[in-house]
Amino acid sequence: MHTGMKWGGWAVLVALTAMMTVFATPASAATGPTATLNLGTLTVDGTAERDVVLVRIEADRVTMDVGFDGTVEAEFPRSEVQRVQVFGNGGDDGMSVFGTGPLPVTVNGGLGNDSVGALGDFSSTGAGDAPTTLIGEDGNDFLGSSTPG
């Protein structure tokens, strides 16, 4: 079993149900966003407060950086991730996904005045890219996307 998590202050829970679920959460679950990989879907959930989250899709891994400070709080093998969903929930959030293209991506800012963005892989033509969906919901939101093709 591969959890793929960085330990830097984060607790890792591995729950076995009918299928394996990997769950990464800060030591105090109420203090920050969480990342869960279940049946190929990576779900990042923000809190009711302001969250700043970067999800980076790379060739061999998918990472979550809370605070956009370069620290990887959660990491998953790219081969196990089939789609990415990011939910800001409440607060005036900043949610970004870099490396869109090979995976379907949905980013939903939720309630609040959110900045939601996606940046594609410009080393490709964009032909055959999976859909990227950005949703603002209530509030005065900024949605930005830059993808090839």
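1. Glu-58 has a relative accessibility of 26%, so Glu-58 counts as partly exposed (buried is under 20% relative accessible area, exposed is over 50%, and partly exposed lies in between, with a 1.4 Å probe and protein chains only). Two of its salt bridges are described in point 3.

2. The model is predicted: local features need pLDDT of at least 70 and side-chain atom pairs count only at pLDDT 80 or more, while totals for chains, interfaces and linings use all residues. Residues are numbered from 1 along each chain as its sequence is written, and side-chain values use heavy atoms, with hydrogens and water left out.

3. The structure holds three salt bridges (a side-chain nitrogen of Lys or Arg within 4 Å of a carboxyl oxygen of Asp or Glu). Glu-58 pairs with Arg-56, with 4.0 Å between the closest N and O atoms. Glu-58 also meets Arg-61, at 3.0 Å from N to O. Arg-61 in turn forms a salt bridge with Glu-75, at 3.2 Å from N to O. Glu-75 is in strand β7 and Arg-61 in strand β6, so this pair ties together parts that are 14 residues apart in sequence. Through shared partners, Arg-56, Glu-58, Arg-61 and Glu-75 are joined into one network.

4. Which member of the network is buried? Glu-75 is buried, at a relative accessible area of 16%. Arg-56 is partly exposed, with a value of 32%, and Arg-61 is partly exposed at 22%.

5. The protein chain has zero helices and 13 strands (helices are DSSP runs of H or I with at least four residues, strands are runs of E with at least two, and both are numbered from the N terminus).

6. Of the 149 residues in the protein chain, 45% are buried. The accessible surface of the chain is about 7,200 Å², and carbon and sulfur atoms account for 54% of that surface (areas come from the Shrake-Rupley method with a 1.4 Å probe; for residues, only the protein chains shown count as cover). Among contacts between residues at least 6 apart in sequence, 45% join residues at least 24 apart (contact means heavy atoms within 4.5 Å).

7. The largest nonpolar core contains 20 residues (such a core is a set of buried Ala, Val, Leu, Ile, Met, Phe, Trp, Tyr and Cys residues joined through side-chain atoms within 4.5 Å). Leu-42, Val-55, Val-81, Val-84 and Val-86 have the most contacts inside this core. At least two core residues come from each of β3 (34-38), β4 (41-45), β5 (52-57), β6 (61-66), β7 (74-77), β8 (83-87), β9 (94-100) and β10 (105-108). Which strand gives the most to this core? Strand β5 does, with three residues. In soluble globular proteins, nonpolar side chains tend to be buried together.

8. What is Val-55 in contact with, leaving aside its neighbours within four places in sequence? The partners are Val-44, Val-62, Thr-63, Val-84, Val-86, Ser-96, Val-97 and Phe-98.

9. There is one aromatic pair (ring centres of Phe, Tyr or Trp, for Trp the six-membered ring, within 6.5 Å; planes under 30 degrees apart are stacked, over 60 edge-to-face, the rest tilted). The pair is Phe-68 with Phe-98, edge-to-face, at 6.1 Å centre to centre and 70° between the planes. Phe-68 sits in the loop between β6 and β7, and Phe-98 in strand β9, so the pair links distant parts of the chain, 30 residues apart. Phe-68 is partly exposed at 41% relative accessibility, and Phe-98 is partly exposed at 23%.
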